Protein chains: 2
Amino acid sequence: MNEATRKQLESYLEKCESELDRVMNFWLTNSHDEKNGGFFVCLGRDGKVYDETKYCWLQGRQVWSYCKLYNNIPKYHTDAILNVAKRGGEFLMKYVKNPENNKCFFTVTKTGDPIKIQRSIFSECFYMIAMAELARATGEAKYKTEAVAMMDQLQHWVMVDDTALGHPRLSGSPAVNTLAVAMIFIILVEELAWDDAELREKYAPLEEWGLKQTMQHIQRNDEVILEVVSTDGNELPGSQGRVMNPGHAIETGWFLLQYAKKRNRPDLRDLAISQFMVKPFLTGWDKENGGILYFLDADGLSPTQLEWNMKLWWPHCEALIAFLMAYRETGEQQYLDYFKQVWDYTIKHFVDPEHGGWYGYLSKQGVVSQDFKGGPFKGFFHVPRCLFMCIGMLQELLK
Amino acid sequence: MNEATRKQLESYLEKCESELDRVMNFWLTNSHDEKNGGFFVCLGRDGKVYDETKYCWLQGRQVWSYCKLYNNIPKYHTDAILNVAKRGGEFLMKYVKNPENNKCFFTVTKTGDPIKIQRSIFSECFYMIAMAELARATGEAKYKTEAVAMMDQLQHWVMVDDTALGHPRLSGSPAVNTLAVAMIFIILVEELAWDDAELREKYAPLEEWGLKQTMQHIQRNDEVILEVVSTDGNELPGSQGRVMNPGHAIETGWFLLQYAKKRNRPDLRDLAISQFMVKPFLTGWDKENGGILYFLDADGLSPTQLEWNMKLWWPHCEALIAFLMAYRETGEQQYLDYFKQVWDYTIKHFVDPEHGGWYGYLSKQGVVSQDFKGGPFKGFFHVPRCLFMCIGMLQELLK
């Protein structure tokens, strides 16, 4: 590594550390419901709660994030952080999971009364990773038991029988393979079982299933990643079949690259980088205004998603992780250049130097369109995960 | 009326007539599924079908629009138009309504296989108005019988028991009063029964129910119209309770004004104009870029709807109807000025001089963000209804 690169990496590291402190401080200060437990996630620009609904994806994700930082970063290894993580975990177990059917609610009131259930499995996925990481943080077996039980339930839903999820079976809507459900199982198995060979073995078929399902999203002679394909791995007709979500493909890319490294699969490494990172990034980057577009249509038509040309925080977080990981794995300057391209846009547009916390939603032009720091789909997760992972990779590179 | 105003109204009339021709031509040419019946609604800028899914709100609305034009405008009173309307009606009866429970699907495939059901009642509302207007166009009793049966079903769902709609009953989500469900019953009763005193009498309680539910949306000392309130007419906590949709309030305004005129209710006339049209219009108009914003938060916070600051075609269509009607009813120049303000923006931004049909979705800055002419929620309805109604009102004013 030449001196210029070293200096550059050092400056990224410093900024990641200071941003993680600021973001952590914002959420520690503003999001805790001291009275009822759990987390407020609808936080305005200055941290004020503008809606007390508890979004359950984000309850689980916040527990996971606190535990991850507690378990890995010495300065966050404090009783205070462990305690809020545990309180969050207890709220999840008491109010978010319905013990009758293992479904988790999508939203509950501040006191835990259920508001809404989704027929998807994401509340349950984030419940599972929260419990898995909380088990490591506390050393308490009950959380791991809870995580394993939920993983078994998830495996049953996706590999055996999903009728309990309540999707109506209509003749015009055959089952489909969505990237969201496919790729998440790669990371779920990793999160639950990376330090437990027996569990890793147990869930190997589920991981293989996730990998296989994920690969089916490479379409059109390896040129694009499509979000939804048929269960036999073909492109679906109409707008649904043409949807591309570059940030989501890039996130899948680093899930795969991490997997490839751990399992020593160089073939998968190259595919992860070229198919899931580079091509979606080059297609999704807005040449006019910068930033990664949210949705695209593979034929270049107008996506039907009204928000298609907005710039969201999380695809940029995923791209930072992905290109830094690609650089670490290959040493190729190109990936560090892509990292820089995303970094410059991200720091300039999403960071709020005044109040801390990151914005989540920008117009195509890069103007903040929603000034809140937390909302129904934005909690304490993508930003700290990105900063935490980049810190780890930068430290490794600088060694 | 002075000469300048007359000239102005004549020019509006001329443009409305030519635009109606162009829009009509676009949909007649591009949207008919000759093979399977029903209508393709996903039409690209030049009319090419980009998705064959049949969105059922739009199937019903297109039948209604064709019949309305057939029944009221001599040049559209042709066998060709009657026949496509009938074919659309037959598709609705055969594929869209589930005779087992009277629920209508939200989407079906091009051949009529069901894809999706909503737990709301809008597919059924548009089914009903399609049948009601088709009965007038054809003189065939079976369509009216069908319309009345669906209206009875709708009345049962909203006034007696909605469990069959399938909303889960969760302790944290009490029933709410949404403006969408409230206001639609004012127009549904009008559409079904304006020429049938007996039916009008029969559904008077339903109409009263709709009126009463609608009035509960006037909140904060008559300053705002909120989209969702509690069933006892109070503001709900959080973002949901603060949502304002100016175009929707304005649409409600003309529903109410039309009702007030027909029932000779001058008190309601003034309230319709001041509360439902003028205040939402002045709040919703984008002072920076022009056009009516899609969603606002009553406290001035960022709406959580990502598309909140986009400019959609339909609020502009509703505002044109509303302010021309207010002008016709009061003769006050102010309302004609508001009409002009909306008109100038609308004609400049939504009309496609090249291919015909109107765009539906613009960015805050007024740039076309989706170039298609039809999509999952945009069919042949708001634009022809607006032009048809404006033509009628302009002709009346010019008499």
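Q: In strand 4 of chain B, which residue is the bridge partner of B:Tyr55?

A: A note before the details: this is a predicted model. The partner of B:Tyr55 is B:Thr107, in strand 4 of chain B. Strand 4 covers residues 107–108 of chain B, and two bridges join strand 3 of chain B to strand 4, the two running antiparallel.

Q: What is the order of strands in the open sheet of chain B?

A: The three strands of this open sheet are ordered 3-4-5, with antiparallel pairing.

Q: Why is one side of strand 3 and of strand 5 of chain B left without a neighbour in the sheet?

A: Strand 3 (54–55) and strand 5 (114–116) of chain B stand at the edges and each has a single partner strand, so one side of each has no neighbour in the sheet.

Q: Turning to helices, at what angle do the axes of helix 4 and helix 6 of chain B cross?

A: Angles under 35 degrees count as roughly parallel. In chain B, the axes of helix 4 (residues 122–138) and helix 6 (residues 179–193) come within 9 Å and cross at roughly 15°. That angle makes helix 4 of chain B roughly parallel to helix 6 of chain B. The crossing of these two helices is left-handed.

Q: Which residues make the contact between helix 4 and helix 6 of chain B?

A: Helix 4 of chain B contributes B:Phe122, B:Cys125, B:Phe126, B:Met128, B:Ile129, B:Ala132, B:Glu133 and B:Arg136. From helix 6 of chain B come B:Ala180, B:Val181, B:Ile184, B:Leu188, B:Glu191, B:Leu192 and B:Ala193. By class, the residues of this contact of helix 4 with helix 6 of chain B are 12 nonpolar, no polar and three charged.

Q: How do helix 4 and helix 6 of chain A pack?

A: Helix 4 (residues 122–138) and helix 6 (residues 179–193) of chain A pack at an angle of about 15°, with their axes 9 Å apart. Helix 4 of chain A is therefore roughly parallel to helix 6 of chain A. Their crossing is left-handed. The contact includes A:Phe122 and A:Arg136 of helix 4 of chain A, and A:Ala180 and A:Leu188 of helix 6 of chain A. Its residues divide into 12 nonpolar, no polar and three charged.

Q: Where do the axes of helix 6 and helix 10 of chain B come, and at what angle do they cross?

A: The axes of helix 6 and helix 10 (residues 246–262) of chain B come within 10 Å and cross at roughly 35°. The crossing of helix 6 with helix 10 of chain B is left-handed. Among the residues that meet are B:Met183, B:Ile187 and B:Glu190 of helix 6, and B:Trp254, B:Phe255 and B:Lys262 of helix 10. This contact has 11 nonpolar, three polar and three charged residues.

Q: By what turn and shift can chain B be laid on chain A?

A: Two copies of a chain are related by a rotation about an axis and a shift along it. Here, chain B can be laid on chain A by a turn of 180° and a shift of 0.0 Å along the axis, with an RMSD of 0.0 Å. That is the relation of a two-fold axis. In chain B, the C-alpha nearest the axis belongs to B:Glu307, 3.0 Å from it. The same surface serves both copies, as 100% of the contact residues of chain B recur in chain A.

Technical notes
Residues are numbered from 1 along each chain as its sequence is written. Chains are lettered from A and ligands numbered from 1 in the order in which they are written. This is a predicted model: local features need pLDDT of at least 70, side-chain atom pairs count only at pLDDT 80 or more; totals for chains, interfaces and linings use all residues. Side-chain values use heavy atoms; hydrogens and water are left out. Axes are lines fitted to C-alpha atoms, for helices over the stretch in contact, and angles run from 0 to 180 degrees between N-to-C directions. Helices (H or I, at least four residues) and strands (E, at least two) are DSSP runs, numbered from the N terminus. Angles under 35 degrees count as roughly parallel, over 145 as roughly antiparallel, 65 to 115 as roughly perpendicular and the rest as oblique. A crossing is left-handed if the near helix is turned anticlockwise from the far one by less than a right angle, and right-handed if clockwise. Contact means heavy atoms within 4.5 Å. Ala, Val, Leu, Ile, Met, Phe, Trp, Tyr, Cys and Pro count as nonpolar, Asp, Glu, Lys and Arg as charged, and the others, Gly among them, as polar. Copies are superposed by least squares on the C-alpha atoms of residues with pLDDT of at least 70 in both. Two strands pair if DSSP finds at least two bridges between them.
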